[in-house]
Amino acid sequence: MRVTQPAVLVGNYDWSEELLPRAEYDARLKQVLGKLDSSLSGLVIYGNKIDNAALAYVSNFAPKIESAMALVTKDGKVRIHAAGSPQMMVNAKRLTWVEDVRPQRDAAKHIAEWAEEAAGQGPLGFWTTDAIPADLQPRFEAALNGRKLVDVSATLNALLREKSPLALKLSRDACGVLAKSVEAMKDRFNGESGREAATAAARVAADAGAQDSRILISLSKGGTPTAIDYPDGGKLDPLLSYVAVRYAGYWAEGFVTLTSMTHETVTRTQDALKAMLATAKAGTTVSALRDAAQSALSGLAVHPAARKVAVGVGLMLEESEAEPGGVAKLEAGRIYSLRAGATKSASDNALLSAMVVPKADGVDVLWSALG
Amino acid sequence: MDHGGRLQAALQLMEREGVDVMLVAPNELNRVDSVFHLTGYRGVGESLAVLRKGEKPLLIVTPEWEIERAQARARGWDVRGAEDLAQAVSSVFPKGLPAGKTATVNLGRLPAGIAKKLSSLVGNAKPLEKQLERALMPKTAEEIENAREATAIAEKGFERMLQVAKVGMAECDLAVQMKLYMEALGADDNFWLMAASPHNRAVQPSSGRKLEAGDIILAEMTPTYKGQLAQICRTVIVGPPSSVLSEKYALVVRAMQAGIQTIKPGIPMGDVAKAIDKVLSAEGYAEFCVPPHIRRRGHGLGHGSNAPGDVAPANETILQEDMVFVVHPNQYLPETGYLLCGEPVRVTATGVEQLSKKTAWLASIPA
């Protein structure tokens, strides 16, 4: 799910050993290095304020402005280069357990110099994100004077999808924050404008410990949720909303449709989400989920925002999948957002979702718009 | 200039450059959104403005359900919702893009996966980033009004901050509260830096550090209103200020005012920075008026263009009426650490208009 990106990540992204002990990162680093081909002499991990899942996985570092990278030697020594002046590294260092945090003036040059002094002679692995600007990797490669930069993202992204017991716990906590935030929006829906309801939801999320929240709401009655980019549009009924919160690095997301009246689109979408939850378990294919939803919608068109009926959620809002078409089937131990939605017209839509962990005999529901 | 004029300026640029098609992408990571600048629409997903000689301009937005807001914002544009930008471009140009007659803006700043697909369609197109930014530089009347509103939001945000900030509160908690407060006032984004320490070396994004007595809080508030940025820079002492701090803060404000008073159409931007440096140098701080202590004394304000660029001695851009930028000495002094003061300004026909109602003062909150 894409949301409007803030200019700066304002919330508290400081590393907390209490929430994410160093041992968790040691284990993650070991797993990362264990998956690397032995011919690689080091690993470059890129992240930016838009997507920092790989960087956060290894270091907890989420760049609050622009971008950052972690340079990892084969024996596990980590250096971070972060946007900002040398004087700005005081607060940057608080974002990670990594002690060696340096300013990032010329990322390509930093990689080349680090490779010369700390990595061996072979090619380097490159773990990046879909959000990397297209012109960056060629610049990195040019600076390396013939040394290859091998994209290992497809291999290492599997680690982001697998959730450790601690990652599962933090995701549950994130869903708890989501629940509080959505409740605040429901409370405000009756008397206040969509924008006020959204602000209340964001405030409650922050009070509950969210590092970040991204909220989209209908622009007009019953409209598909979108960015709140203009002043208050007044009270909207129905109000469709998308709420995403990040807690200790982990995202939780939810679609809700609030209305004081009965709408066929809403009731059918509720049925669709119920049907999906009843069908879902480890091994369920996405086509089975889609069939279950489609059948419950009884001929209503699927809302475009619900065409992806399942997306993996974790350190990013929509995890990269092994298959190019997205989630193929639900896997045990992963966390998914299941989405249902119907549309009749620009002003008659419904969207609902649930956060789940598939098990052998069903799903653990971490949060559901159905209550 | 209005949005229609901006479109005409872009089309004229195409004419001058001899191209029939120009594909314009945003540069989200660097906060220069050329699509927003042209169309008035800021995307949730990736978007592309497609200008074609002799045809109505086209805005392609992803995901496809973003079309409602895009249509509401991009008046006068054809709007198409899509799941795949490259596919959408292909369908607009079924015979391919005109070889040697296509230009691009910010394609390299798109996410790699999307840009790769687009590049295969575009081939060796002419990059026109700088040319387009220059052509679209003047602010529209609406953007100037939005800058005033954004400034008012920033000032209200700062007043609120003085009421809310207290010892023991984490910087981040304060920063989030202020961000939400300014959003409730109508801000749609905020380049909002706030950090505190008894002796600051820089203004930084906020952390979990808790405010302490004797801290100097640095606040750089930059809300956007309908996409237009405005910035105020402020300094707050936790507890009573020392006489040295009061004296040094008065000095940086005096330097800022010297810079602001210099502003008028026809002078190079560099003169503004030099006027600030002159005041500080006269007080013995010349060595702190150069890198690494300071690189610029302010900068342009806008989501689509950073014009007229940095308030820096080497900036030879000639100031013109209706340019909007912030003047901020933001000076490190060895006795006090970094101190922030800054005001947004507009160049008028004969001089300058300060957009903020109040000029920076050394604020304090109880220890």
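Predicted model: local features only at pLDDT ≥ 70, side-chain atom pairs only at ≥ 80, totals over all residues.
For chain B the mean pLDDT is 93, with 99% of its residues at 70 or more.

**Strands of chain B**

- E1(B) and E5(B) belong to an open sheet of six strands, which follow one another in the order E4-E3-E2-E1-E5-E6 and whose pairing is mixed.
- Strand E4 (78–81) and strand E6 (126–127) of chain B stand at the edges of this sheet, and because each has a single partner strand, one side of each is left without a neighbour in the sheet.
- Another pairing in chain B joins E8(B) to strand E9 (residues 216–221), where the two strands run antiparallel and are linked by five bridges; here Ala195(B) faces Leu218(B) of E9(B).
- Strand E8(B) is mostly covered, with five of its five residues buried.
- In a regular strand, side chains alternate between the two faces of the sheet.
- In E8(B), Leu193(B), Ala195(B) and Ser197(B) point one way, whereas Met194(B) and Ala196(B) point the other way, and all of these residues are buried.

**Contact between the chains**

- The contact between the two chains takes 46 residues from chain A and 45 residues from chain B.
- On the chain B side, the elements that give two or more residues are helix H3 (67–73), helix H5 (112–122), helix H8 (171–184), strand E7 (189–190) and strand E8 (193–197).
- Of these elements, H8(B) gives the most to the side that touches chain A, supplying seven residues.
- Sorted by class, the side of chain B that touches chain A holds 21 nonpolar, nine polar and 15 charged residues.

**Domains of chain A**

- Chain A is assigned a domain 1 that covers 22–161 and a domain 2 that covers 165–368, and the centres of these domains, taken over C-alpha atoms, are separated by 32 Å.
- Where the two domains meet, domain 1 of chain A supplies 11 residues and domain 2 of chain A supplies 10 residues.
- Helix H2 (53–59) and helix H6 (153–161) of chain A each give at least two residues to the domain 1 side of this contact, and the largest share of that side, four residues, comes from H6(A).
- The residues on the domain 1 side of the contact in chain A divide into five nonpolar, two polar and four charged.

**Domains of chain B**

- Chain B is likewise divided into domain 1 (3–135) and domain 2 (141–365), with 34 Å between their centres, taken over C-alpha atoms.
- Eight residues of domain 1 of chain B are in contact with six residues of domain 2 of chain B, and helix H2 (residues 34–39) of chain B gives the most to the domain 1 side, with three residues.
- That domain 1 side in chain B is made up of two nonpolar, two polar and four charged residues.

**Nonpolar core**

- The largest nonpolar core has 251 residues, among which Ile45(A), Ala201(A) and Met22(B) touch the most other members.
- Helix H7 (residues 165–189) of chain A provides the largest share of this core, 11 residues.
- Ala201(A), not counting residues up to four places away in sequence, touches Ser181(A), Val182(A), Ala184(A), Met185(A), Ile215(A) and Val243(A).

**A loop residue of chain A**

- Met316(A) lies in the loop between strand E12 (310–312) and strand E13 (336–345) of chain A.
- Why does Met316(A) count as buried? Met316(A) counts as buried because it has 27 C-beta neighbours inside 10 Å, where the cut-off for a buried residue is 20 or more.
- Leaving aside neighbours within four places in sequence, Met316(A) is in contact with Asp51(A), Ala53(A) and Trp251(A).
- Met316(A) and Asp229(A) are 87 residues apart along the chain, and 23 Å separate their C-alpha atoms.

Terms used:
Residues numbered from 1 in each chain as written. Chains lettered and ligands numbered in written order. Core = buried A, V, L, I, M, F, W, Y, C linked by C-beta atoms within 7 Å. Buried ≥ 20, exposed ≤ 12 C-beta atoms within 10 Å, placed from the backbone. Contact = placed C-beta atoms within 7 Å. pLDDT = per-residue confidence, 0-100. Domains from an automatic or database assignment. Nonpolar A, V, L, I, M, F, W, Y, C, P; charged D, E, K, R; others polar. Pairing = 2+ DSSP bridges.
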